[in-house]
Amino acid sequence: MGSSNKKKKEKKKDFQKPKLKVGKTKPKASNFTDTSFKSKSIVLQQQLSEIAPDAVERFKHQLSLTSSRTDTQRRDALAYLTGQLSTSPPTNPVGVSTLLQKVLPLMPDSSKSVRSQLLKLLQKLPADEVRPHLQKAMLYIRGAMTHLSQDVKDDGLGYMEWLLDAAGEDVVASPGCWVKPLKDFMSVLGWAISTTPSLATKGGWTSAPRTTFGSKMFGHSFPRQMMVLAKFLELGLRPEMSIPWTPNDWASSMSLMPRTPDPFGYLGLFKPPRDEDGEIYRNREDRQDIFARRFMDAVEAGVDMAKKEGGAAGRAAAVLDQALRDGMGDYERALRVDDDDALWVGYIV
């Protein structure tokens with residue numbers, strides 16, 4: 001009985017008119033919502049601008065994204081830059097120098113897609129504007145070729161092929177771009193010459209352990225390395241075309257601008273003296289001489305070993321052997337003034 005009376009009172013309470021008293025406000029309903037608040041918003045001035053970024057700003061923004069920590073952003077940024085360089089005429093508001101300064105450090109990138117997209121971008125650059133930056137490009141290429149990761153090494157060969165196609169003759173004649181790359185090729189291939197011949201090695205020949213030789217996973221790397229080396233030697237040991245001299249050449253050499261990068265670099269006026277590895281070998285005879293003294297025996301022995309293996313390695317070794325024959329077939333070692341130190345005994349220099 002008590003519960004039924006309570007329910008009746010609650011029902012009557014809904015229909016009763018509340019008695020208002022002076023000085024007291026009307027009680028709020030149970031579903032009352034307070035609407036007296038005020039909202040605040042943050043407005044950026046850039047949001048109020050109706051002018052979209054122009055092509056130059058977009059290009060610079062994408063160029064800055066090449067140093068992003070995300071692989072996808074780096075790849076997409078390189079793809080955008082490649083598309084801009086593929087237009088007619090190419091769009092490059094920052095210049096090749098600034099562009100290379102940002103993208104060359106990506107050569108040993110950990111992402112395969114980033115390295116592949118970088119190679120596509122480099123192939124779109126004009127060769128004439130790449131030539132002044134050969135030394136810097138070769139430095140990063142050598143770093144990629146001798147990387148610990150085999151995938152990065154393989155892509156480093158692609159970068160080397162790009163540079164040889166863009167400015168092959170200028171590459172082999174640049175400071176430090178002949179002996180140092182050859183040393184890297186010998187290191188990657190596992191070919192080396194010992195300084196003192198031992199009884200266990202015939203003629204001082206030693207073969208360093210090479211993980212790619214005979215490997216099932218990276219067996220294709222060894223033939224490709226020899227093919228790129230053959231291309232490098234072909235450009236460096238190619239016979240130079242003789243240009244007949246005319247009386248006007250004497251005046252032209254004094255009045256015209258040099259066409260080769262760093263034409264007076266061999267003088268070493270404003271740089272520290274270079275060693276044999278970083279020297280400039282501008283003519284074919286100098287390159288032949290240093291190659292015969294330091295690398296010829298190692299390459300010949302390595303080619304013989306690769307021929308015995310057969311298959312793709314044997315075919316690549318045949319191409320490399322032909323490049324050696326064409327480049328060093330007419331080589332005759334001549335006695336230089338600085339070859340024999342005893343030649344200057346008794347003279348005051």
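Predicted model: local features only at pLDDT ≥ 70, side-chain atom pairs only at ≥ 80, totals over all residues.

Reply: Residues are numbered from 1 along each chain as its sequence is written, and side-chain values use heavy atoms, with hydrogens and water left out.

Me: Why are helix H8 and helix H10 called roughly parallel?
Reply: Helix H8 (residues 150-172) and helix H10 (residues 221-236) pack at an angle of about 15°, and their axes are 10 Å apart. An axis is a line fitted to C-alpha atoms, for helices over the stretch in contact, and the angle runs from 0 to 180 degrees between N-to-C directions. Angles under 35 degrees count as roughly parallel, over 145 as roughly antiparallel, 65 to 115 as roughly perpendicular and the rest as oblique. The angle therefore makes H8 roughly parallel to H10.

Me: Which way do H8 and H10 cross, and what does that term mean?
Reply: The crossing of H8 and H10 is left-handed. That term applies if the near helix is turned anticlockwise from the far one by less than a right angle; clockwise would be right-handed.

Me: Which residues make the contact between H8 and H10?
Reply: Contact means heavy atoms within 4.5 Å. On the H8 side the residues include Leu 157, Met 160 and Leu 164, and on the H10 side they include Arg 224, Val 228 and Phe 232. The residues of this contact divide into 7 nonpolar, 6 polar and 5 charged. Ala, Val, Leu, Ile, Met, Phe, Trp, Tyr, Cys and Pro count as nonpolar, Asp, Glu, Lys and Arg as charged, and the others, Gly among them, as polar.

Me: How do you know that H7 and H9 are roughly parallel or antiparallel?
Reply: The axes of helix H7 (residues 134-145) and H9 come within 10 Å and cross at roughly 10°. H7 and H9 are therefore roughly parallel to each other. Met 138, Arg 142 and Met 145 of H7 meet H9 residues, among them Pro 181 and Phe 185.

Me: Why is Leu 157 called buried?
Reply: Buried means under 20% relative accessible area, exposed over 50%, and partly exposed in between (1.4 Å probe, protein chains only). Leu 157 has a relative accessible area of 3%, so this residue is buried. Leu 157 lies in helix H8. Leaving aside neighbours within four places in sequence, Leu 157 is in contact with Met 145, Phe 185, Arg 224, Gln 225 and Val 228. In the whole chain, buried residues make up 34% of the 349 residues.

Me: Why is the pair of Phe 185 and Phe 232 called tilted?
Reply: The ring centres of Phe 185 and Phe 232 are 5.9 Å apart and the planes are at 40°, so the pair is tilted. Phe 185 lies in helix H9 (residues 179-189) and Phe 232 in helix H10, so the pair ties together parts that are 47 residues apart in sequence. Phe 185 is buried, with a relative accessible area of 1%, and Phe 232 counts as buried at 0%.

Me: What makes the pair of Trp 191 and Phe 222 edge-to-face?
Reply: The ring centres of Trp 191 and Phe 222 are 6.4 Å apart and the planes are at 90°, so the pair is edge-to-face. Trp 191 is in strand S1 (residues 191-193) and Phe 222 in helix H10, 31 residues apart. Trp 191 is buried at 4% relative accessible area, and Phe 222 is buried at 2%.

Me: How do you know that Ala 313 is buried or exposed?
Reply: At 5% relative accessibility, Ala 313 counts as buried. Ala 313 is found in helix H14 (residues 311-328).

How values were computed: Helix = DSSP H or I, 4+ residues; strand = E, 2+ residues; numbered from the N terminus. Phe/Tyr/Trp six-rings, centres within 6.5 Å; stacked < 30°, edge-to-face > 60°.
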